[in-house]
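My notes follow the order in which I checked them.

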Amino acid sequence: MRDHSLSEREDSGSYNPIARVLVSRRRLAARAAQLGAQISADYAGQELHMVGILKGATIFMADLARALSIPATFDFMAISSYGAGSQSSGVVRFLKDLDEGIEGRHVLIVEDIVDTGLTLHYLRESLAARRPASLAVAVALDKSSRRQVAVPVEYVGFRIPDAFVVGYGLDYAGSFRNLPYVGILRPEVYGG
Ligand code: IMP
């Protein structure tokens, strides 16, 4: 079989930009199933309106949504964070707003990762102002040691250490989102 430089195998001869697999495909799938069951129990008898934050949340949202046993609807929002380089500033620009109103709905914001918390804090505030019936957040990954602002996150996939990770929706310069696992990128790839 053809050798693939992005395989989960770490012995694959060719150069691998991923230093280490942090969360395997199997653990991601199991955790999404668990969270889906928990969310279904918490919202029993209600319809969930899932709001995915483009583009990073798409993979986690697809897994989470299919693990729900309650009815769910989807909307998406695209944002961009103002700030120098990879530093989040907490000032968020809406590149694509929601298609539908959320007043009176049970809204679950779905995000790939919470790092400083600035983006999620801003998102929570601005969606809360639209008067949903309830508002909660699900993230695939949480780098809690980097938090700058306390923001409630009701559903967390995995708490991870402070490292730059890619895969399962997360990118570096637009690449690596489609890796089926979460990996730590080699610092030399991003000049770190
Ligand atoms: P926060 O405002 O600092 O919490 O930033 C959250 C956003 O930063 C996420 O939605 C990601 O787009 C990005 N981000 C933070 N850490 C990583 C990482 O390790 N890999 C890829 N993107 C990241």
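Which elements each supply at least two residues of the lining of the second largest pocket? I worked on a predicted model, and there I found that α1 (25-42) and α2 (58-66) each do so.

I listed the lining next. It consists of R25, L28, A29, A32, A33, I59, D63, Y168, N178, L179 and P180. By class I noted eight nonpolar residues, one polar and two charged. For the volume of this second largest pocket I wrote down about 150 Å³.

I moved on to the ligand. I found 16 residues around the ligand, and the closest are T116, G117, T119, K143 and V165. I sorted the residues of this shell into seven nonpolar, four polar and five charged.

Then I looked up individual contacts. From the side chain of T116, an N or O atom is 2.5 Å from an oxygen atom of the ligand. For D115 I noted a backbone N or O atom at 2.9 Å from a ligand oxygen atom. At V165 a backbone N or O atom lies 2.7 Å from a nitrogen atom of the ligand. I also checked the area: the ligand taken alone exposes 500 Å², of which the protein buries 83%.

Last, I asked which elements give two or more residues to the shell around the ligand. I found β5 (106-114) and α3 (118-128). The largest share of that shell, four residues, comes from β5.

Key
Residues are numbered from 1 along each chain as its sequence is written. This is a predicted model: local features need pLDDT of at least 70, side-chain atom pairs count only at pLDDT 80 or more; totals for chains, interfaces and linings use all residues. Side-chain values use heavy atoms; hydrogens and water are left out. On a 1 Å grid over the protein atoms alone, a cavity is a set of points where a 1.4 Å probe fits but cannot get out, and a pocket is an open set with protein on both sides within 12 Å along at least five of seven lines; lining residues have an atom within 4 Å of a point. Grid points are joined across faces, edges and corners, and a volume is the space filled by probe spheres set on the points. Ala, Val, Leu, Ile, Met, Phe, Trp, Tyr, Cys and Pro count as nonpolar, Asp, Glu, Lys and Arg as charged, and the others, Gly among them, as polar. A residue is near a molecule or strand if one of its heavy atoms lies within 4 Å of it. A polar contact is a pair of N or O atoms within 3.5 Å; within protein, one must be able to donate a hydrogen and the other to accept it, and residues adjacent in sequence count only if both atoms are side-chain atoms. Accessible areas come from the Shrake-Rupley method with a 1.4 Å probe; for residues, only the protein chains shown count as cover.
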